[in-house]
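Here are my notes on the model you sent over, as numbered points. Have the viewer open while you read.

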Amino acid sequence: MSLRTVGPVWNCGVWLAIRTNRGVPVTIADNAVDRPLVDVVIDAIDADNELSDEVKYCVLAALEGPTALQELLDGISTPHVPEPSGSQLVEEPVGAFLTSITAAGFRGIGPKAALELHPAPGITIVSGRNGSGKSSFAEALEFAITGSSYRWENKAKLWADTWRNLHQGDPCEVRVGLTIEGSEPTVVGVDWTSDAALKGSSTWTQVGKQKRSTGTDALGWKSAVELHRPILSYDEIGGLFDATPSALHDALAKLLGLDEITDAEKRLAAVLKEVKGPRQRAAESLRQLKNSLSEASEASDDRAKTAVGLIKKRVADLDAVLALATGADASASPALIGLKRLAALSAPTQQRVDEVVAELRVAAADTADSADEALSAVEQRNDLLDAALRLHSETGTIECPVCATGTLDDAWAEHSRAQLAEQSQKLAAYKHSRRRLDQAQRAAVELGNGIADATAVEGVDLPSLSEYRKSVAAAREQPSSSSGVADHLATTMPAVIESAEVLRTEAKEAAAQREDTWAPIAGRLAAWATLESAAREADEAVKNVDAAKKWIASHAKQLRDQRLAPIAEQARDIWAELRQESNVDIGAINLVGHNTSRRVVMTGSVDGVESEALSVMSQGELHALALALFIPRATTPNSPFRFIVLDDPIQAMDPAKIDGFIKVLSTLAKTRQVIVFSHDDRLATAIRQLAVDARLVEVMREPGSNISVSETQNQATRYFNDVRALVLDENVPEDVKRRVAPGLFRLALESAAQQVFYAKQHRAGESRLATEERWSAVHKTRNKIALAVHQDSERDLSQWLGFRTERFSTLHIANAGTHNGADRPITWEVVNDLKKMVDGILAE
């Protein structure tokens, strides 16, 4: 199933590729670099038919963030799948140019100083000696736009604490002026109170005369600052190769927008570790449980054996396990049941035995062995007399119907009644004694029947069991006579009572020992069942998260390669300009590895021999390469920044690479506002020599951290101004002026000639090295001018000198010796002649 068919459940804001409309929306090209990563991922997972929907959702939720991923696993939400950005109307990024950078009390800037900039494509070189305050402008811009400075991040606290100007630290503020297409002039401001720390600043944005808004979110640059970082410093770029191999990898990944997939993989790894927790805890619990069961099994605990059988199953019956652990399954331990039965063994008490024996003896004594016959005669006679009396009652006086000799008269009747009453009383007494004897005999029988049988418990040795059984067997062998039974019970029952007590005690102790051994096992068994139940609930999540993580890991390289390819191609083009005299050529650029083994692999060759490029590059080449890698992303069409700022980018470059760097800048300047801060005069000199259209600005620092900014002149004009200042200084004696002036004349003329010669060589396609060699081989001023004018140092310069009358005399002064000095006064007229000749050389 395609995830594109799933309806939205929550706002997946990070995936939406629509920016706020400031103008007419247009559809942007769907390219490998700027296409939202989620689009690429959705297409890839939709094309993977072996991937379940649950795993696909895990991938997308991980891209969104930890909350989305957790909500998915908790069953709260299912991720919304956005429409392909290629089918949406997306506005081109709003372009912004810099108009000014103003700072006060910040770093090397004391009183407020402003660097005014032209908000349009072109090159601006901001030069100045170390400590001039030049880099303070760059750092102020970086802090205002990004909220930090790379230079401060890895410095010692003492160094970082010096961010506030020592001479005038209050007020402390930064203002960055912006011209944003389709909007009013905008200012980003940063303010610090007098006691605020660096991070205690307040940042705001103001568009036109509107109310200030807190922070810079109104500009919509939050993600763009990372993806299209427009400010690159020497420390930042150079440090990438000085740090761990993963630093360059991570920096490139961030600039390519690949940190999203890296973060997603980290999130899945973290969540996977978490959701694996129940299974790991259950596994550890099971390991401990098996050890305990092994020991219990050796002790022949039948419950342990039952438990072993339960947990050996591929899918254990957790209900049965819990029933065993809690004792709910009464049949789980026959041995324990047997022990408990023996522990509750019933046996008569000695008191009861004594009572039964005494009663039996008394009852037996009251009843004779012949009591049955006597009882029968009495009964028969009583029956006869009773019948005769009834007859007498009915007939009156008659002869005896039995013997016919006696008379059944009233006297007889009265006598017979008295006799019958006496005999009936005796008979009742006999019957009572007989019933008592019967009851005593039954009590004796019940006493014997009350002795419980003791069944042996399998696997349990009870030494008193056999003795008990013997005593019971002896007690049950009762004689027939009542007196014999009484004597038998009195003799055998004490042994039964005693052995029963011993047996009960042994059974109780054995049962208690088994329970003591089983209790911790039962606890572990119940704990494992609980953990196993939780693990089974988590197993599905583990399977899905693990599959999602593996999918991202297996596709990360492909995603990296897709997004890196166009950047790598541009980097190779830039390197081709920057390399100049370098014998190192670069080929494929790849981000490889993960976790702690991630790095950048760059194939290349040295003089045609294949090698990994990074390992053979010099520091200057590495720095140039870093620029080549990062400039393309900083200047992508989708960047909202129409400016790129480079701070001290040529420190480690040789002259040839500086020329290449200027070519790169010239290309960038066609569409970008390029601002380069440099303390190295070589850059400004090369700009002049190559006749590159650029604005040159110089930053100077005066006492008290007073910073001044002014347009710079070429070197020849500087020397001319030095001559002019010499003439204006009335305190300098005339003879000193004559000795000093020739040197300044010579420097002005040669500087103008060098600038012209280098520019012509550059236009002719000559290498920087060959140009320098030719220039260095010429030593005389006249020949250097000839080299500039005619491209030949030996060419006759007379015609060119004669074209203007002041040229011969100016060259004459320039050739005057330092010791002898000029043979004429250094007047305003002479100085003006120098200016005309310098302008004439520069016009060539």
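1. Start with F641 and F643, which are both buried. Keep in mind that this is a predicted model. The two rings form an edge-to-face aromatic pair, with 5.6 Å between centres and 65° between the planes.

2. Next, the aromatic pairs in general. Searching the whole structure turns up six of them. One of these is F143 with W192, a tilted pair at 5.5 Å centre to centre and 40° between the planes. This pair ties together distant parts of the chain: F143 sits in helix α4, W192 in strand β5 (residues 186-192), and they are 49 residues apart.

3. Are F143 and W192 buried or exposed? F143 has a relative accessibility of 3%, so it counts as buried. W192 comes out at 5%, so it is buried too.

4. Helix α4 runs over residues 134-146, and its 13 residues reach 19 Å from the first C-alpha to the last, close to the 18 Å expected at 1.5 Å a residue. Of those 13 residues, 12 are buried, so α4 is largely enclosed by the rest of the structure. Just past the end of α4, G147 takes a positive phi of about 85°.

5. L339 is worth a click. This leucine is in helix α14 (residues 334-343). Its relative accessible area is 0%, so L339 is buried. What does L339 touch, leaving aside residues up to four places away in sequence? The list is V457, V460, L462, A507, A510, A511 and R514. Take R514 from that list: L339 and R514 are 175 residues apart in sequence, yet their C-alpha atoms are 9.8 Å apart in space.

6. Then look at how α24 and α30 lie against each other. The axes of helix α24 (residues 715-728) and helix α30 (residues 828-843) come within 10 Å and cross at roughly 175°. The two helices are therefore roughly antiparallel. On the α24 side the contact is made by A716, F720, V723, R724, V727 and L728; on the α30 side, by W828, V831, L834, K835 and V838. Sorted by type, the contact residues are nine nonpolar, two charged and no polar.

7. A bit more on α24 by itself. With 14 residues, α24 reaches 20 Å from its first C-alpha to its last, close to the 20 Å expected at 1.5 Å a residue. Its buried residues are A716, T717, Y719, F720, V723, L726 and V727. When you look at the spacing, remember that an α-helix has 3.6 residues a turn, so residues three or four places apart point the same way.

8. Last one: N783, in helix α27 (residues 781-790). Why does N783 count as buried? Its relative accessibility is 19%, and the label applies because the cut-off is under 20%. Not counting residues up to four places away in sequence, N783 touches V778, S793 and E794.

Methods:
Residues are numbered from 1 along each chain as its sequence is written. This is a predicted model: local features need pLDDT of at least 70, side-chain atom pairs count only at pLDDT 80 or more; totals for chains, interfaces and linings use all residues. Side-chain values use heavy atoms; hydrogens and water are left out. Axes are lines fitted to C-alpha atoms, for helices over the stretch in contact, and angles run from 0 to 180 degrees between N-to-C directions. Helices (H or I, at least four residues) and strands (E, at least two) are DSSP runs, numbered from the N terminus. Angles under 35 degrees count as roughly parallel, over 145 as roughly antiparallel, 65 to 115 as roughly perpendicular and the rest as oblique. Contact means heavy atoms within 4.5 Å. Ala, Val, Leu, Ile, Met, Phe, Trp, Tyr, Cys and Pro count as nonpolar, Asp, Glu, Lys and Arg as charged, and the others, Gly among them, as polar. The expected span of a helix is 1.5 Å times one less than its number of residues. Buried means under 20% relative accessible area, exposed over 50%, partly exposed in between (1.4 Å probe, protein chains only). Rings of Phe, Tyr and Trp (its six-membered ring) pair if their centres lie within 6.5 Å; planes under 30 degrees apart count as stacked, over 60 as edge-to-face and the rest as tilted.
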